[in-house]
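Please open the structure in your viewer and keep the sequence beside it.

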Amino acid sequence: MALFTRLLVVGVTVLAVSTAHGQDWNLVKDEAGIKVYLSDVKGSEYKAYRGVTTVKADLPTLLKLQNDVAGSCAWIHECKMQKMLKHEGDKTWTYAQFNTPWPVTPRDSVMEVTTRQDANGGATRVMHGVPDYLPPEKGFVRVSELEGRWVFTPKKAGEVEVVYEVHTEPGGSVPSWLCLLYTSPS
């Protein structure tokens, strides 16, 4: 399966399903080398999402794909646009807009992403929603909470295990069943 396709499936989108606060991961799909898990999150009607796969690429290539904030919108599910707001040291602030199914109002999000190198030679990118970083955008409902992470673990030469975990509170009115229906990989 192509690298972009795997990343698309693994990184459905921060809008997708409601972090890494999930405790008990339940495997809901295991297909084509991609495992998808869901977990209840205490106090939320939205589930946490976890995707796990191994891609044939090296770590610098994967990080370069993610660092191309505007370009990565092409492989993020229902991403309308995305841009970097600020970069400082190991932190990046991004703004993104997402298409949503009728009758849900389109969403936008503002994230702080912290990248750190791991002792195993991999990298972890921790995502934290900062909804008040920018004023509200007309025609969009701001994602009110977002916590997640990407974990890149080098395996054998030329392969990296990619784990994506996220939990969001989409803001406004979105039935939790619609999030699962709309984002379930087929």
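The stops that follow name what to select and state what is found there.

**Before starting**

This is a predicted model, in which local features need pLDDT of at least 70 and side-chain atom pairs count only at pLDDT 80 or more, while totals for chains, interfaces and linings use all residues. Residues are numbered from 1 along each chain as its sequence is written, and side-chain values use heavy atoms, with hydrogens and water left out.

**Stop 1: confidence**

Colour the chain by pLDDT, the predictor's confidence in each residue, from 0 to 100. The mean pLDDT of the protein chain is 83, and 80% of its residues reach 70 or more. Now select residues 1-20, where pLDDT stays under 50. For residues 1-20 the model has 87 contacts beyond four places in sequence; a contact means heavy atoms within 4.5 Å. Select residues 180-186 as well: pLDDT again stays under 50 there, and the model has 15 contacts beyond four places in sequence for this stretch.

**Stop 2**

Helices (H or I, at least four residues) and strands (E, at least two) are DSSP runs, numbered from the N terminus. Select A32, which lies in the loop between strand 1 (26-31) and strand 2 (34-39). Most residues other than glycine have a negative phi, and most peptide bonds are trans. With a relative accessible area of 45%, A32 is partly exposed; buried means under 20% relative accessible area, exposed over 50%, and partly exposed in between (1.4 Å probe, protein chains only).

Next, select E31 together with K29. Their side chains meet in a salt bridge (3.8 Å, N to O). A salt bridge is a side-chain nitrogen of Lys or Arg within 4 Å of a carboxyl oxygen of Asp or Glu. E31 is partly exposed, at 46% relative accessibility.

**Stop 3: helix 2**

Move to helix 2, residues 59-67, and display L59, L62, L63, L65 and Q66, which are its buried residues. Seen down the helix axis, these buried residues fall within an arc of 155 degrees, so they line one face of helix 2. The arc is that of the directions from the helix axis to the C-beta atoms.

**Stop 4**

Select C73 and C79. They form a disulfide, with their sulfur atoms 1.9 Å apart; a disulfide is a pair of cysteine sulfur atoms within 2.5 Å. The structure holds 1 disulfide. The link of C73 and C79 is left-handed, with -110 degrees about the S-S bond. Are the two cysteines buried or exposed? C73 is buried at 10% relative accessibility, and C79 is buried with a relative accessible area of 12%.

Select E78 next, in the loop between helix 3 (69-72) and strand 4 (79-88). E78 has a positive phi of about 60 degrees although it is not a glycine. The relative accessible area of E78 is 29%, so this residue is partly exposed.

**Stop 5: further salt bridges**

How many salt bridges does the structure hold? There are 8 salt bridges. Side chains of opposite charge can pair when their charged atoms come close. Select K86 and E88, which form a salt bridge whose closest N and O atoms are 3.5 Å apart. K86 is partly exposed at 34%, and E88 is partly exposed at 47%.

Select R116 and D118 for another salt bridge (3.7 Å, N to O). Here R116 is partly exposed, with a relative accessible area of 44%, whereas D118 is buried at 18%. Finally, display R50, R149 and E165, which are linked in a network of salt bridges.

**Stop 6**

Select F98, which lies in strand 5 (residues 91-98). F98 is buried, with a relative accessible area of 1%.

To finish, select W102 and P103. The peptide bond from W102 to P103 is cis, with omega near 10 degrees. P103 is placed in the loop between strand 5 and strand 6 (107-117).
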